[in-house]
Amino acid sequence: MGSIEELEEAIDAMEGFDTDGGAIDTSDVREARVRSAYLEWCKEYDRKPDEARFPTFSSNFLAMEEYAKENNREMVLNKYADCTEEEYRKLTEGR
């Protein structure tokens with residue numbers, strides 16, 4: 001660190017504050033992480049990446065990630081990770 005200002009900026013960044021005093025925008029990093037998980041999931045389940053299905057996958061992924069974190073569990077994605085609730089119900093009816 002070269003100055004007090006640089007040290008203050010580093011401390012603010014660790015606490016989630018940008019140089020203008022607002023919150024640091026982490027949405028790009030989060031989207032990149034989820035998109036990477038989506039591409040890996042597509043490979044695992046032999047699916048072609050589909051931009052129309054990505055938002056549903058992203059929503060499900062983030063919800064499952066939060067649940068796993070809150071409950072100290074490992075997150076495991078299955079073949080239904082890109083399904084809406086309605087699609088999931090139709091696919092699993094009668095099981």
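In the predicted model, Glu65 has a relative accessibility of 27% and therefore counts as partly exposed. Arg33, at 36% relative accessibility, likewise falls in the partly exposed class. These two residues form a salt bridge in which the closest N and O atoms are 2.5 Å apart. Glu65 belongs to helix H3, whereas Arg33 belongs to helix H2 (residues 27-44), so the pair ties together parts that are 32 residues apart in sequence. In general terms, side chains of opposite charge can pair when their charged atoms come close. The count of salt bridges comes to 9.

Arg53 forms a salt bridge with Asp82, with a distance of 2.8 Å between the closest N and O atoms. Distant parts of the chain are linked by this pair: Arg53 is in the loop between H2 and H3, Asp82 is in the loop between H3 and helix H4 (85-92), and the two are 29 residues apart. The relative accessible area of Asp82 is 5%, under the 20% limit for burial, so Asp82 is classed as buried. Arg53, by contrast, has a relative accessible area of 24% and is partly exposed. Arg53 also forms a salt bridge with Glu87, the closest N and O atoms again being 2.8 Å apart. This second pair links helix H4, which holds Glu87, to the loop between H2 and H3, which holds Arg53, across 34 residues. Glu87 is partly exposed, its relative accessible area being 29%. Arg53, Asp82 and Glu87 are joined by Arg47 in a network of salt bridges.

The overall architecture of the chain is helical, with 4 helices and 0 strands. From the N terminus on, the order of the elements is α-α-α-α. The chain has 95 residues, of which 17% count as buried. Among contacts in the chain with a separation of 6 or more, 37% are accounted for by residues 24 or more positions apart.

Leu77 has a relative accessibility of 19% and so counts as buried, the limit being under 20%. When residues up to four places away in sequence are not counted, Leu77 touches Trp41, Tyr45, Phe57, Phe61 and Met64. The C-alpha atoms of Leu77 and Trp41 are separated by 7.7 Å, although the two residues are 36 residues apart along the chain.

Met64, one of the residues touched by Leu77, also takes part in lining the largest pocket. The volume of this pocket is about 160 Å³. Its lining is made up of Asn60, Ala63, Met64, Val76, Asn78, Tyr80, Ala81, Cys83 and Tyr88. Helix H3 (residues 54-70) supplies the largest share of the lining, with 3 residues. By residue class, the lining comprises 7 nonpolar and 2 polar residues, with no charged residue.

The backbone oxygen of Tyr88 lies 2.8 Å from a polar atom of the Thr92 side chain. Thr92 is located in helix H4. With a relative accessibility of 18%, Thr92 counts as buried.

Most residues other than glycine have a negative phi. Asp46, although not a glycine, has a positive phi of about 50 degrees. Asp46 is found in the loop between H2 and H3, and is exposed, with a relative accessible area of 73%. Asn72 likewise is not a glycine and has a positive phi of about 50 degrees. Asn72 is placed in the loop between H3 and H4, and its relative accessible area of 74% makes it exposed.

Definitions and conventions: Residues are numbered from 1 along each chain as its sequence is written. This is a predicted model: local features need pLDDT of at least 70, side-chain atom pairs count only at pLDDT 80 or more; totals for chains, interfaces and linings use all residues. Side-chain values use heavy atoms; hydrogens and water are left out. On a 1 Å grid over the protein atoms alone, a cavity is a set of points where a 1.4 Å probe fits but cannot get out, and a pocket is an open set with protein on both sides within 12 Å along at least five of seven lines; lining residues have an atom within 4 Å of a point. Grid points are joined across faces, edges and corners, and a volume is the space filled by probe spheres set on the points. Ala, Val, Leu, Ile, Met, Phe, Trp, Tyr, Cys and Pro count as nonpolar, Asp, Glu, Lys and Arg as charged, and the others, Gly among them, as polar. A salt bridge is a side-chain nitrogen of Lys or Arg within 4 Å of a carboxyl oxygen of Asp or Glu. Buried means under 20% relative accessible area, exposed over 50%, partly exposed in between (1.4 Å probe, protein chains only). A polar contact is a pair of N or O atoms within 3.5 Å; within protein, one must be able to donate a hydrogen and the other to accept it, and residues adjacent in sequence count only if both atoms are side-chain atoms. Contact means heavy atoms within 4.5 Å.
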